[in-house]
Amino acid sequence: MYIIVFLQGFVFYGPVATLFRQARGLSMSEIFMIESIAWLLVIVLEVPWGWISDRFGYKKTLVVVNTLFFVSKIVFYSAHSFELFLLERVMLSIVVSGMSGCDTALIYESIDESQAQKVFGKYSAFGTLGFLIASVLSTFIVSVSLENTALFTIFPYGISVIVTLFLVEVKLEKKEKISILSNIKVAFKDKTIIIFVLAIALVVEVVQAITVFLNQAQYVRSGIDPKYFGLILAGIQCMRLLSAKANVISKKFGNMSSISMLISVITVSGLLLILTSNPVLSVICVVMIALSISVIGPIELDVKNKMIKGSDRATILSIYSMIGGLIGSIGNIIIGKVADISVQHGLTTCTMMSILSLVLIRIYSKRNINSVKR
């Protein structure tokens, strides 16, 4: 799984993803519209895919979705219209919903529970390392051709399909088949988990919007040449490797305090991005946002997995992700519309969403403390 996520980090077009799409004729609102449609599909497919994974095996599911992942990169390279870029994101929605919960469930069932945060941190770090290397190489590829960034991405994804075939399936205890509706009831048996899921979904959407789309517009606004985007992203990925140390932070401050602190960093960084057009400060803010979410990730996965007791793990994780997909879809529409006005408007919307996320985490923490006291 470390090797697979490492290979799938080789997205050479990542540093110039927005510029690539714009060069092929898409506007910012069209880019975010496609993202919103993709998220809606993820919402629809999340839970059925999780249920299928629990019934037919995690390895089989990953073989199917990683093969489709590979094909989607070919479509992306070939896309010159709104329709083809939409098709690529539709395929990616199937991949994301199929992989969501399945990869982490396979890992969680293959390790000792006490090692979860450490292993999830390494899993995230390997993906980041792949992206880091791709970002550095992207700088040289872009100087030759923007088109080649998409072309060269195809090959590592093809290799990842081959590696997936060598996964060892997790043997789960045979249990009676539980319906999707029953799993939904189990997932939300503790009502406070909804608050936690919503909070994480909001901040994930904020980070996705800023670090994938709005950052490039902010760099242009700050006068940074696009040929340096790859090097900037490489530096950011170096910082994200610290996700492997998420367990150290959570042990020192506690899970919820750590998440609150990191969301606060994201909020302040977003506010500074609104106010500045300084290239150095802009890059520092994006680095802090990327670093914060990379540390939140393993902690969040550990919290969610520990809440699941004796049920269909992949299905319930998919249910949680479905909520995230709904928030992502709505958020994309809003951010995309306001970003067409200006990058500052887009960043302002993101900052407001991160503030709401912080408020929800605080509410969740207080309810958990009160429930323990009772």
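1. Basis. The model is predicted, so local features need pLDDT of at least 70 and side-chain atom pairs count only at pLDDT 80 or more, while totals for chains, interfaces and linings use all residues. Residues are numbered from 1 along each chain as its sequence is written, and side-chain values use heavy atoms, with hydrogens and water left out.

2. Helix H10. Helices here are DSSP runs (H or I, at least four residues), numbered from the N terminus. H10 covers residues 192–221, and its 30 residues should span 44 Å at 1.5 Å a residue; the expected span is 1.5 Å times one less than the number of residues. The end C-alpha atoms of H10 are 41 Å apart, which agrees.

3. Of the 30 residues of H10, 22 are buried (buried means under 20% relative accessible area, exposed over 50%, partly exposed in between, with a 1.4 Å probe and protein chains only). Just after H10, Gly223 takes a positive phi of about 85 degrees.

4. Ser250. This residue lies in helix H12, residues 246–253. Ser250 is buried, at a relative accessible area of 7%. Leaving aside residues up to four places away in sequence, Ser250 touches Gln117, Asn255, Ser258 and Ile299, where contact means heavy atoms within 4.5 Å.

5. Aromatic pairs. The whole structure holds 11 aromatic pairs. Rings of Phe, Tyr and Trp (its six-membered ring) pair if their centres lie within 6.5 Å; planes under 30 degrees apart count as stacked, over 60 as edge-to-face and the rest as tilted. Tyr2 and Phe126 are stacked, because their ring centres are 4.7 Å apart and their planes at 20 degrees. This pair links Tyr2 in helix H1 (residues 2–7) with Phe126 in helix H7 (residues 116–144), 124 residues apart. Tyr2 is partly exposed at 28% relative accessibility, and Phe126 is partly exposed at 31%.

6. A buried pair. The rings of Tyr108 and Phe120 are also stacked, with centres 6.3 Å apart and planes at 10 degrees. Tyr108 lies in helix H6 (residues 102–108) and Phe120 in helix H7, so the pair ties together parts 12 residues apart in sequence. Tyr108 is buried at 6% relative accessibility, and Phe120 is buried at 1%.

7. Ring cluster. Ring pairs join Tyr13, Phe20, Phe76 and Phe85 into a cluster.

Terms used. Helix = DSSP H or I, 4+ residues; strand = E, 2+ residues; numbered from the N terminus.
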